[in-house]
Amino acid sequence: MKLHEYQAKQVFADAGIPTPDSALASDVDGVLEAAEEVGYPVAIKAQVQVGGRGKAGGIELVENADEAREAADRILGMDLKGIRVESVLVEGAVDFTDELYVGVTMDRAAGKPVAMVSTRGGVNIEEVAEEDPDAIARVHVDPSFGMHPYQARKAVYDAGVDQSIARDVAGVLSTLYDLWDAKDGADAEINPLMVTADDEVIAADAVMNIDEDALFRQPELAEMGDEAGGGDDLERKADEYGFDYVRLDGSVGIIGNGAGLVMTTLDLVDYYGGSPANFLDVGGGAKAERIANALDMVFSDDNVDSVVFNIFGGITRGDEVAKGINEALEQFDDIPKPVVVRLAGTNWEEGMEILNEELVTVEQTLEDAVQRSVEYADEVSA
Amino acid sequence: MSVLVDENTRVVVQGITGGEGKFHTGQMIEYGTNVVAGAVPGKGGQEIHGVPVYDTVDEAVRAEDADASVIFVPPAFAGDAIFEALDTDLDLAVAITEGVPTQDMARVKKRLSETDTRLIGPNCPGIITPGESKLGILPGNIFSPGSVGLVSRSGTLTYQVVDNLTNRDIGQTTAIGIGGDPIIGTDFIDALSAFEDDPETEVIVMCGEIGGEDEEEAAAYIAEHVDTPVVGFIAGRTAPPGKRMGHAGAIVSGSGTGTAESKIDALNEAGVPVGDTPEEVADSVEELL
């Protein structure tokens, strides 16, 4: 779960990382008021969960009230990579001489946390990592001990950070690691960490991703996630239903159990000349109601021309799946889109006996089910 | 014959009194698994499916001489349950639990390196040696004894591929679901090495997916150390970059690593044919046997 910039900044500031004065606003008057309070010049920054906000016109630096009004008018309500901007952060502009990068994440290959520092901040750090990996200093941290002070210093000196600010940057890195650790971070990043002419460091941006599996022990952050919103209507619906769901731009709706099998079903749709409209994993042990919800989700997507159900029961039972499909379809006079069902594994025979074959097309194998769903989609679009 | 587990494996079930634990203990016993004890704090003295329950894993292991554990403990407590298993020096611990926080697993991984216990999972279907023993939730009826070793990051994909094999009367030595989380115990390389050492395993099937670089590392290992023929499958060819597809590990980064293409290329370079469909995987296995 990704926090908004203003939320992450609050979390960072509470932990003692220096951040610019700022205030959140959701209308033009609010922006002007906030700017007055913070003091011009200010940056007006769209609070949406997309990368490259600046390049897409979602961040503007303004000198006075006239410019602020104009910028607020333009940014509030704008469509930023498909997401409407509902609020902006109004933040005191920082006069900087240097921009650094500081970050903490989990190195999955090493199975350990890794802390990173670079003097090439203020740019896309993934690009730096690719072009010039040596420009980023890294230290691995033993998660059972946490980051030792010497490790923070090592990262800072290895990165070539100037002596005059080394101590402060090491302090920021230590605090960021402790936060990441305490808050179950997936990634925590400051890019840029600005350096002023007076040798002060200030977090001009803040990124905090929380491990969703750990939200049960981070109730305050979980609440922030509720405010953060984001995504389109269908993705919000998927969140409510508790599905792993990804919307794609094809025409074959796909429902299955287990991430690997659902991905394989997507790939097969593509292999047989169709295009997947979504990834929807009902998870393990889904009961009838959950199956009905999944069909509701996929039917709600206008791009969908046909639906394929691919269930290989282990923990999930074929009879429950069949019951859910019947329940979802029996409420229609006309089924909105053709549905192909393939059941295998636990209780598939019981499922086949229950399944109302007048409402769906049944196929025995994965390959046949996928091909049939692609044919149906082709017929609709023809 | 078998890898890591066989008919003699003596199993303790952590979380045996919970819904999943109870149900799957029944399924395991029915399959023939030698379940000798359960362990649940505060539930010592009970019996589930005729199996005695103890308050601690240590007690269960000492009383019943267990050498392996299967963990059906909710995510909030699963990390602790794995630590408990590791502290009793079991040969094998299999963590089925889905949704264990990554930082908990990083600590477990560190501890694991200090013990001789092998961990499989978490977020996995478990391990099965057909006809002998299964530790986990895999549907036993689709498996059959034979000469193919199978290792996979995905549970249901394992079932699919096994189904394609079994339909052609191709049986399995052992199938290991290693799980799709970013930090896991047993990885592809551990499993490949176990199958390489098993004289009965004639062909290995390796099912991977997008995300991380485990498949690329496995490919390099195969080129150097594995003489047994390997057939691959990679799920997620059509996944768009930057999106998480269910498994925590199944995310394609924007920069070209961790993609299906890079994994398939790496495997091909190591001499591993990669099927476009599970049916093609079965075709390749059939040719190699």
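So, look at B:Gly126 first: B:Gly136, in E9(B), stands opposite it. Those strands, E8 (residues 126–129) and E9 (residues 133–136) of chain B, run antiparallel and are joined by 4 bridges. For pairing, DSSP has to find at least two bridges between two strands; strands here are DSSP E runs of at least two residues, helices are H or I runs of at least four, and both are numbered from the N terminus. The hairpin has 3 residues between its strands, and B:Gly131 there has a positive phi near 80 degrees.

Quick housekeeping. This is a predicted model, so local features need pLDDT of at least 70 and side-chain atom pairs count only at pLDDT 80 or more, while totals for chains, interfaces and linings use all residues. Residues are numbered from 1 along each chain as its sequence is written, chains are lettered from A and ligands numbered from 1 in the order in which they are written, and side-chain values use heavy atoms, with hydrogens and water left out.

Now the interface. On the chain B side, 52 residues are in contact with 44 residues of chain A, contact being heavy atoms within 4.5 Å. The two chains bury about 3,800 Å² between them, 58% of it on carbon and sulfur atoms; that's accessible area, 1.4 Å probe, lost on being put together and summed over both parts. In chain B, the residues losing the most area to chain A are B:Gln103, B:Thr238 and B:Met245, together 17% of what that side buries.

What about charges? The rule finds 4 salt bridges across this interface, taking a side-chain nitrogen of Lys or Arg within 4 Å of a carboxyl oxygen of Asp or Glu. One of them is B:Asp104 with A:Arg217, at 2.8 Å, N to O. It runs from helix H4 of chain B to the loop between E12 and helix H7 (219–228) of chain A. B:Asp104 is buried at 12% relative accessible area, while A:Arg217, at 31%, is partly exposed; the cut-offs are under 20% for buried, over 50% for exposed, and partly exposed in between, with a 1.4 Å probe and protein chains only.

Then there's B:Lys110, partly exposed at 24%. It forms a salt bridge with A:Asp142, closest N and O atoms 2.5 Å apart, and another with B:Glu114 in its own chain, at 3.6 Å.

Last stop, chain A: A:Asp205 and A:Arg53 form a salt bridge at 3.6 Å, N to O. The two sit in separate loops, 152 residues apart, and both are buried.
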